[in-house]
Amino acid sequence: MLATGTLVVVADGTSALIYRNSGHETVSLELQETVTPHSLLNDGPAGSTPVEQSPQDRDEATFSKQLVHKLNAMALAHHLPDAVVIIADPSSLGHMRPLYHAELKRRIVRELHKTMVKSSPDDVAAALSKP
């Protein structure tokens with residue numbers, strides 16, 4: 001069971017949806033924000049990148065970095081609740097994890113390796129209800 005107020009971030013390499021759980025007995029997600037990439041041509045992924053990486057892969061890694069920077073900033077400014085769930089495809093999670101600030105890591109209570117950005121809030125809630 002997710003605590004009321006838990007922030008649920010559903011991401012892939014192209015966008016992210018940020019929900020807040022407003023449910024008390026069940027998971028009930030309310031969309032708070034949609035996050036999309038910005039200035040991909042003027043930004044790049046974190047760390048080194050393979051030579052054979054496609055432009056799409058580079059853009060997805062860059063967006064993952066941008067999203068984590070946003071979440072880190074929110075955590076450092078105390079604009080995140082004590083419980084955060086991250087749902088992202090395995091590739092995005094792989095780009096995101098090394099960039100988590102300690103303040104964000106402390107708040108992450110669960111990660112799901114799933115592609116769910118195009119899923120309904122009810123489907124996301126159902127995935128979160130499973131152990």
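I shall begin with the overall layout, then turn to the nonpolar cores, and end with the salt bridges and one further residue.

Please note that this is a predicted model, in which local features need pLDDT of at least 70, side-chain atom pairs count only at pLDDT 80 or more, and totals for chains, interfaces and linings use all residues. Residues are numbered from 1 along each chain as its sequence is written, and side-chain values use heavy atoms, with hydrogens and water left out.

Let us take the layout. The chain has four helices and five strands; helices (H or I, at least four residues) and strands (E, at least two) are DSSP runs, numbered from the N terminus. Read from the N terminus, the order of the elements is β-β-β-α-β-α-α-β-α. Of the 131 residues of the chain, 44% count as buried. Here buried means under 20% relative accessible area, exposed means over 50%, and partly exposed lies in between, with a 1.4 Å probe and protein chains only. Contact, in this talk, means heavy atoms within 4.5 Å. Among contacts between residues at least 6 apart in sequence, 56% join residues at least 24 apart.

I turn to the cores. A nonpolar core is a set of buried Ala, Val, Leu, Ile, Met, Phe, Trp, Tyr and Cys residues joined through side-chain atoms within 4.5 Å. Which members of the largest nonpolar core touch the most other members? Of its 21 residues, they are V9, L67, I86 and Y100. At least two residues each come from β1 (7–11), β2 (16–21), α1 (55–76), β4 (84–88) and α2 (90–96). The most is given by α1, with six residues. If we leave aside residues up to four places away in sequence, L67 touches V9, A11, A16, V35 and M96. Another core, of 16 residues, lies apart from this one, and Y19, V85, V124 and A125 are among its members.

Next, the charged pairs. Side chains of opposite charge can pair when their charged atoms come close. The structure holds four salt bridges, a salt bridge being a side-chain nitrogen of Lys or Arg within 4 Å of a carboxyl oxygen of Asp or Glu. In one of them, E111 and R97 meet at 2.6 Å, N to O. Because E111 lies in strand β5 (residues 108–113) and R97 in the loop between α2 and α3 (102–107), this pair ties together parts that are 14 residues apart in sequence. E111 is partly exposed, at 23% relative accessible area, and R97 is also partly exposed, at 35%.

R106 and E103 meet at 3.2 Å, N to O, and they lie three residues apart, about one turn of the helix. E103 and R107 meet at 2.7 Å, N to O; they are four residues apart, again about one helical turn. Is R107 buried or exposed? R107 is buried, with a relative accessible area of 3%, whereas E103 is partly exposed, at 22%.

Finally, consider S120, which is found in the loop between β5 and α4 (121–129). S120 is partly exposed, with a relative accessible area of 30%.
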